[in-house]
Amino acid sequence: MANHSVRLVVGITGASGSIYGWRLLEKLRAAGDAEIHLVLTRSGERTAFLELGKTAADFKAMADCSYPVEDIGCRLASGSFSTGGMLIAPCSIHTMSAIAAGISSNLVIRAADVTLKERRRLVLMVRESPLHLGHLRSMTALAEMGAILAPPMPAFYHKPQSVNEIVDQSVDRVLDLIGLPSPETKRWNGPETRSK
């Protein structure tokens, strides 16, 4: 395994928006800064195939290590396995709610629970709208526990010309949040002014 500056856990769930997980893996892989530990749920596999035509093998090939979602005895389930944090992209409401309630029924949820208990950075790209009060209460609980909730909401100050540019802007924001900023990130520098 190559030398990397940080070890990251990436979870991909069955929420719509598997493109976010795919682009996250592509950007992490291209940067080469992170040792990627992937957990892809069964629903995540299905959604990725329906939305992108990509298989679990395609996703696993982008990671340094991958784990079956049922393997709650693997190293990601222990706080003694040191990581720089975890990103879940996309994060289903089911997964978000289970993390908030501490119900570690699969490896994505258990790894997230470990991330929180070890006071490591947990970033959730929650995909759902509209939100009811139960969702909002779960989000509040997670924020109080230290999680970062980063729903992929598009920005338009960079004048995106494609869906990929909209996706990349959200992915670049979560890379910022985990401490691995992309040099490609389009940032707001104030309104353009013309010199006279």
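In which loop does K159 lie? The legends below take up this question and others, and they describe a predicted model.

View 1. Taken along the principal axes, the box filled by the C-alpha atoms is roughly 65 × 45 × 35 Å. Of the 196 residues in the protein chain, 47% are buried, and of the contacts with a separation of 6 or more, 77% are between residues 24 or more positions apart.

**View 2. The surface of the protein chain and its charges.** The accessible surface comes to about 10000 Å², and carbon and sulfur atoms account for 51% of this area.

**View 3. K159 in its loop.** K159 lies in the loop between strand 6 (148-149) and helix 7 (163-178), which answers the opening question. Most residues other than glycine have a negative phi. K159, however, is not a glycine and still has a positive phi of about 50°. With a relative accessible area of 58%, which is over the 50% cut-off, K159 counts as exposed.

View 4. Is helix 5 largely enclosed or largely open? Eight of its eleven residues are buried, so helix 5 is largely enclosed by the rest of the structure. The buried residues of helix 5 are L107, V108, I109, A111, A112, V114, T115 and L116. At the start of this helix, the backbone nitrogen of V108 has a side-chain oxygen of N106 within 3.0 Å of it. Just after helix 5 comes R119, whose phi is positive at about 60°, although R119 is a residue other than glycine. R119 belongs to the loop between helix 5 (107-117) and strand 5, and R119 is exposed, with a relative accessible area of 71%.

View 5. Most peptide bonds are trans. The bond that joins A89 and P90, however, is cis, with an omega of about -5°, and P90 is found in strand 4 (residues 86-91). The peptide bond from S129 to P130 is also cis, with omega near -5°. P130 is found in the loop between strand 5 (122-126) and helix 6 (133-145).

**View 6. S170 and the residues that it touches.** S170 has its place in helix 7, and its relative accessibility is 5%, which is under the 20% cut-off, so S170 counts as buried. Which residues does S170 touch, not counting those up to four places away in sequence? With those set aside, S170 touches Y20, M125, P152 and M153.

Terms used
Residues are numbered from 1 along each chain as its sequence is written. This is a predicted model: local features need pLDDT of at least 70, side-chain atom pairs count only at pLDDT 80 or more; totals for chains, interfaces and linings use all residues. Side-chain values use heavy atoms; hydrogens and water are left out. Buried means under 20% relative accessible area, exposed over 50%, partly exposed in between (1.4 Å probe, protein chains only). Contact means heavy atoms within 4.5 Å. Accessible areas come from the Shrake-Rupley method with a 1.4 Å probe; for residues, only the protein chains shown count as cover. Helices (H or I, at least four residues) and strands (E, at least two) are DSSP runs, numbered from the N terminus. A polar contact is a pair of N or O atoms within 3.5 Å; within protein, one must be able to donate a hydrogen and the other to accept it, and residues adjacent in sequence count only if both atoms are side-chain atoms.
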